[in-house]
Amino acid sequence: ACVAISPGVALAGDEAAAETFFQEGLAAMKRNDYAVACEAFAQSNKADPSPGTQINLAICLEKQEKWASAWTWYRSAVGLAQQRGQVEREKLAEEAAARLQPQLHYIVVSVEEPLTDLVVKRDGVEVTIALAGKEVLLPIDPGEHTIEVLARGKKPWSKTIQIPDTAATDRIEVPTLEDAPVEDGS
């Protein structure tokens, strides 16, 4: 029997809920039900973040060949383990992230006309595409993804891309955004 896990059930710092979700994640991993396991570990981490939960979430994502997501959670576990002085977990997560890094596929989103209120989303989640004027390499999982670019007064732009399961870097060139039609206020 599967346990349905509703998003947002647990509150941050809720250790009992975190433990319940964590145990469900472990049980789902034993059944090789990685979708349920990942959701359970994500809910456990939301309720009470811990390096161990983040490592298990990364392992679960890795089993699904979601290399970039797994790598990101391993890196998060490294930082949290450092903060908590958990040297063994820090080392384990660091080694796992280093092992995955050569497999990562990256995208660079290049915008022809950078606007001050520009918003770039990957699969509906806002991402940073430049820091201090330098383009950012964004690790991305294999599979289909949608890149959206929005700005006030401009027509939205989007592109669906297919990411192969290879280590590479692809550029997504965003053209100058067209002006949105001006609504007649009459």
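**View 1. Buried residues of helix α3.** In α3, the buried residues are Pro51, Gly52, Thr53, Gln54, Ile55, Asn56, Leu57, Ala58, Cys60, Leu61 and Glu62. The model shown here and in the other views is predicted. Eleven of the 13 residues of α3 are buried, so the helix is largely enclosed by the rest of the structure. The cover over these buried residues includes α1 (15-30) and α2 (34-47), as well as α4 (67-84) and α5 (87-100).

**View 2. Length of α3 and the residue that follows the helix.** Helix α3 runs over residues 51-63. Just after α3, glutamate 65 has a positive phi of about 60°.

**View 3. Crossing of α1 and α2.** The axes of these two helices come within 8 Å and cross at roughly 160°. An angle over 145 degrees counts as roughly antiparallel, which therefore describes α1 relative to α2. The crossing in which α1 passes α2 is left-handed.

**View 4. Residues in the contact of α1 with α2.** From α1, the contact involves Ala17, Ala18, Phe21, Phe22, Glu24, Gly25, Leu26, Ala28 and Met29. These meet Tyr34, Val36, Ala37, Ala40, Phe41, Gln43, Ser44 and Ala47 of α2. By type, the residues of this contact divide into 13 nonpolar, three polar and one charged.

Conventions: Residues are numbered from 1 along each chain as its sequence is written. This is a predicted model: local features need pLDDT of at least 70, side-chain atom pairs count only at pLDDT 80 or more; totals for chains, interfaces and linings use all residues. Side-chain values use heavy atoms; hydrogens and water are left out. Helices (H or I, at least four residues) and strands (E, at least two) are DSSP runs, numbered from the N terminus. The expected span of a helix is 1.5 Å times one less than its number of residues. Buried means under 20% relative accessible area, exposed over 50%, partly exposed in between (1.4 Å probe, protein chains only). Contact means heavy atoms within 4.5 Å. Axes are lines fitted to C-alpha atoms, for helices over the stretch in contact, and angles run from 0 to 180 degrees between N-to-C directions. Angles under 35 degrees count as roughly parallel, over 145 as roughly antiparallel, 65 to 115 as roughly perpendicular and the rest as oblique. A crossing is left-handed if the near helix is turned anticlockwise from the far one by less than a right angle, and right-handed if clockwise. Ala, Val, Leu, Ile, Met, Phe, Trp, Tyr, Cys and Pro count as nonpolar, Asp, Glu, Lys and Arg as charged, and the others, Gly among them, as polar.
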